[in-house]
Amino acid sequence: MSSSDYDHRTAFLGDWGTFQKTVFFLLCSSIIPNGFTGLSIVFIGDTPPHHCHIPVGVNISAEWKNVSIPIEANGRASECSRYKLDVLKSYSDRGLVPWVDVNVSAIEQERCEDGWEYDRETYVSTIVTEWDLVCSDDWKAPLTSSIFFCGVLIGSFVSGQLSDRYGRKIVLFLTMGVQTVFTLIQVFSPSWIVFCSLFFVVGMGQISNYVAAFVLGMEILSLPVRIIYSTVGVCIFFSIGYMVLPLVAYFIRGWRMLLLALTLPGFLYIPLWWIIPESPRWLLSQGRVDEAEAILRDAARRNGIKAPEEIFPPSQPGDKAGTMQPHNLCDLVRSSNIRTITILLCLVWMTLSIGYFALSLNTSNLYGNPYLNCFFSAAVEVPAYIISWLMFRYLPRRLCLFFTLFLGGLVLLFIHLLPQHMNNVAISLEMLGKFGVTTAFAIVYAFTAELYPTVLRNTAMGACSMASRIGSISAPYFIYLGGYYRALPYILMGTLSVLSGLLSLLLPESLDMPLPETISHMQKITGCKMRHSSYSVTTARPEEEHTSNPNDGLWAEISKL
């Protein structure tokens, strides 16, 4: 069944009844835990100031203890070395005075053999302070985030195909359960290896339920509401979860209790299983017409509307066989048109993921209060999503994606031109860059969903999300490079964003196009053929009616909106 036929036969439900409002807000609310779970590593994995621990049992005078940590060229105390304690003890026992009798800087240094002392002003504990992920083990801190995104990569690959095969609803709630339960177990991690192993599983569930909820809403809601849902609804609720994170972290400074506090709300979503329905579009694509009709009749009852006696016509045997044909990841590259779209979108998603997560994870490294920086980084997403909705509603998709990517990249490139003392200006430019990247991310989600057909939509979303995880896996190391050259992360992210913005201009336009239902519908709206297709009823001539696309019926409805 074509998109226009489906929309026409379900038009009796209206656009914004009780059923649509319930689905809209419940699916959006299911996104909130993703906001604070996915970025909790900003606080639970942050590295506070630290220096070598001087054991209490070492009998040296206070003045020698005060100079036991070398001062580096930047004026800061060394984090990974100390002067040899046996030498200091020898000088202390002889009553020598540092810098008077002894040139302290000439004393031989050694590693932090007795561990480290951490600044407790900002954090009571993090995984870094608990397992000493510093100095020779500092590579483990960014690796922790990368392992999480590796889990997201695998989850994106598996959940997309499972959702297209077994349904959106079951995958949504299954992955929400995985995220909640394994995060709870993670609270009791006895070691960094166990923590990372559990973090990998959490990552498998985290983005999977986001994509499943996104696609489920796109397929249940009508066109006007669908645009609001995809560009503003789920995104703003994600931002709400993101903004909650620094507020909770401010009052809970220990990583285990913070993780516990962020986990418990996940159990509140269990009752939604009996409220949120399966996608009728997906049921129809599987030939399960009776189940789809039952959901729509229940929706009509909730809206106080009488459903027609027959919502969908009886399916023909030949049609049913076609709808039951299974699809998989290979269909995304089977034809040249689909293959080109998939490659371009994967490149754009990868770049956006690098920019978004690198800028988000970098908030704890910015000048000033890390909690305020994180909150500002989250709050800037709200106007970004509102702007993305306005742009998506009135402007061509390609131009929206190009402009926001180009803006974000250009602003990030400006940062390396600033003097180091202009910290506030640098933070403002970084937040503006985050605004551009976030706007583009919101647009590309809805844009991608519009380009792919129902039978492949969740697989395509999962594949693009999977490609973006390659970017997110590398994002922590973009920040890590800042330790060698402060401006290098901004130069790399800015350049990639500008180039991806230019590549996005090669994508086909989907403005005012109906959602494709089958692969053949998708192929008609890709490439140059789209210009000569008969989708537009305003240009169709009577003698060409026998070749007109069945989606033409939707155009009349769109023109009224």
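Accessible areas here come from the Shrake-Rupley method with a 1.4 Å probe, and for residues, only the protein chains shown count as cover. On that basis, the chain has an accessible surface of about 23,900 Å², and 64% of it belongs to carbon and sulfur atoms.

Before going on, keep in mind that this is a predicted model: local features need pLDDT of at least 70, side-chain atom pairs count only at pLDDT 80 or more, and totals for chains, interfaces and linings use all residues. Residues are numbered from 1 along each chain as its sequence is written, and side-chain values use heavy atoms, with hydrogens and water left out.

Let's start with the whole chain. You'll find 24 helices and four strands; these are DSSP runs numbered from the N terminus, with helices (H or I) of at least four residues and strands (E) of at least two. Of the 561 residues, 56% count as buried, where buried means under 20% relative accessible area, exposed over 50%, and partly exposed in between (1.4 Å probe, protein chains only). Now take contacts, meaning heavy atoms within 4.5 Å. Among those between residues at least 6 apart in sequence, 81% join residues at least 24 apart.

Next, zoom in on helix H19, residues 397–415. Its 19 residues reach 28 Å from first C-alpha to last, close to the expected 27 Å; the expected span is 1.5 Å times one less than the number of residues. Its buried residues include Cys-400, Leu-401, Leu-405, Val-411 and Leu-412.

Thr-438 is buried, at a relative accessible area of 0%. Leaving out residues up to four places away in sequence, Thr-438 touches Tyr-356, Glu-381, Ala-384 and Tyr-385.

Tyr-356 turns up again in a cluster linked by ring pairs, whose members include Trp-131, Phe-195, Phe-199 and Phe-441. Rings of Phe, Tyr and Trp (its six-membered ring) pair if their centres lie within 6.5 Å; planes under 30 degrees apart are stacked, over 60 edge-to-face, and the rest tilted. The structure holds 26 aromatic pairs. Phe-195 and Phe-199 have ring centres 5.3 Å apart and planes at 45°, so this pair is tilted. The two are four residues apart in helix H10, so about one helical turn separates them. Phe-195 is buried at 0% relative accessible area, and Phe-199 counts as buried at 2%.
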